Amino acid sequence: MTGLNFPEINLTSEYGIDQSILDEDEKILIFRFGKNSHTKRNIIDFEMCRILSRVNDKFKFFSVDTKRVNNFNLMYELPETHVNVFFFKNRKILMDQGTGDNNKMKKVFFIRKKFLKLLEIIYWTVKKGKNFIFYDQL
């Protein structure tokens, strides 16, 4: 895993997260919030980066350690494990996966085709000016 070039940026402060959201106007931002000490973190980040290397012209991936940067834990109701939160043009993208919780994406994707399909749906939805997505096919 160490020899690959990942489009991942590790954010270490609340200011860094806010600036990332404010500065990007073209790409959809994916923030992976979770503890870096979690056992599955490397596997999840590795898979995310492999997938995102195919679509890095439309998406940007950030990794945030919730143990180090914990001000967002209450705001986004972040659990102990990891979650993904999406932003586009300074707006949070709400996504309901059939659970009624539209703040974050909790499911882990090891099936690349499903995740790429979801990213495509997110991309075309936000390009139409919408920020709510219902996707229960995961």
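Okay, let's start with helix 2, whose buried residues are Arg-41, Ile-44, Asp-45, Phe-46, Glu-47, Met-48, Cys-49, Ile-51 and Leu-52. Buried here means under 20% relative accessible area, with exposed over 50% and partly exposed in between, using a 1.4 Å probe and protein chains only. Helices are DSSP runs of H or I with at least four residues, strands are E runs of at least two, and both are numbered from the N terminus.

Quick note: this is a predicted model, where local features need pLDDT of at least 70, side-chain atom pairs count only at pLDDT 80 or more, and totals for chains, interfaces and linings use all residues. Residues are numbered from 1 along each chain as its sequence is written, and side-chain values use heavy atoms, leaving out hydrogens and water.

Back to helix 2: 9 of its 12 residues are buried, so the rest of the structure largely encloses it.

Now helix 4, residues 112–127. Its buried residues include Phe-115, Leu-118, Leu-119 and Ile-122, and the buried set packs against helix 2 and strands 2, 3, 4, 5 and 6. Just after helix 4, Gly-129 has a positive phi of about 90°.

So what about the core? A nonpolar core is a set of buried Ala, Val, Leu, Ile, Met, Phe, Trp, Tyr and Cys residues joined through side-chain atoms within 4.5 Å. In the largest one, with 21 residues, Ile-28, Phe-59, Leu-119 and Ile-122 touch the most other members. Helix 4 gives the most to this core, 6 residues. Apart from it lies another core, of 15 residues, among them Ile-17, Val-69, Phe-72 and Leu-78.

How values were computed
Expected span 1.5 Å × (residues − 1). Contact = heavy atoms within 4.5 Å.
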